[in-house]
Amino acid sequence: MSTKHTVEQEAEFVHLRATGHSYTACKNKMGVARVVLLSWGAKLAEAINAERACELQSIIEQAGIARAQRVTTLAALTKQAFDALAVRAAAELDSLPLPQLAALALTLERRLQAEGEPVIWKLPIESSWDLSGNAALVIID
């Protein structure tokens, strides 16, 4: 086997392990003996962990992009709904008794404060991933 071929196989192994494939799955996909894969696993542990971190970061970024798109769309629809609500509710609020108006104002204020809280995303972690002490919980503002 040539050195170049071995380097390519090692790179494939690193990618497979970083994306959560077991040694058995790597063996079946690559056709390389398990003892060789175990040796590569020890030798290439840093590269696997680095690529795993990149994969996790990519997932986090994709979630952030998807969230940003949802938030933009929902914000536009929410603005339209609140604009329509404001027009319809103006007359109704004027006739609302003071205690009910005060309670509504306090409820709305609490809801507004809750909008400023960070969102916590929980990503499933594969049992085959070695996070080596990295946090499995990520807060995206």
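User: In which helix does Lys-43 lie?
Analyst: The model is predicted, with local features needing pLDDT of at least 70 and side-chain atom pairs pLDDT 80 or more, while totals for chains, interfaces and linings use all residues. Residues are numbered from 1 along each chain as its sequence is written, and side-chain values use heavy atoms, without hydrogens and water. Helices are DSSP runs (H or I, at least four residues) numbered from the N terminus. On that numbering, Lys-43 belongs to helix 3.

User: Does Lys-43 count as buried or exposed?
Analyst: Buried means under 20% relative accessible area, exposed over 50%, and partly exposed in between (1.4 Å probe, protein chains only). Lys-43 has 53% relative accessibility, so this residue counts as exposed.

User: Which side chain forms a polar contact of 2.7 Å with that of Lys-43?
Analyst: A polar contact is a pair of N or O atoms within 3.5 Å; within protein, one must be able to donate a hydrogen and the other to accept it, and residues adjacent in sequence count only if both atoms are side-chain atoms. At 2.7 Å, the partner of the Lys-43 side chain is that of Glu-10.

User: Which residues of helix 3 are buried?
Analyst: Helix 3 spans residues 34–43. The face turned away from its buried side carries the exposed residues Val-35, Ala-42 and Lys-43. The buried residues of helix 3 are Leu-37, Trp-40 and Gly-41.

Key:
Helices (H or I, at least four residues) and strands (E, at least two) are DSSP runs, numbered from the N terminus.
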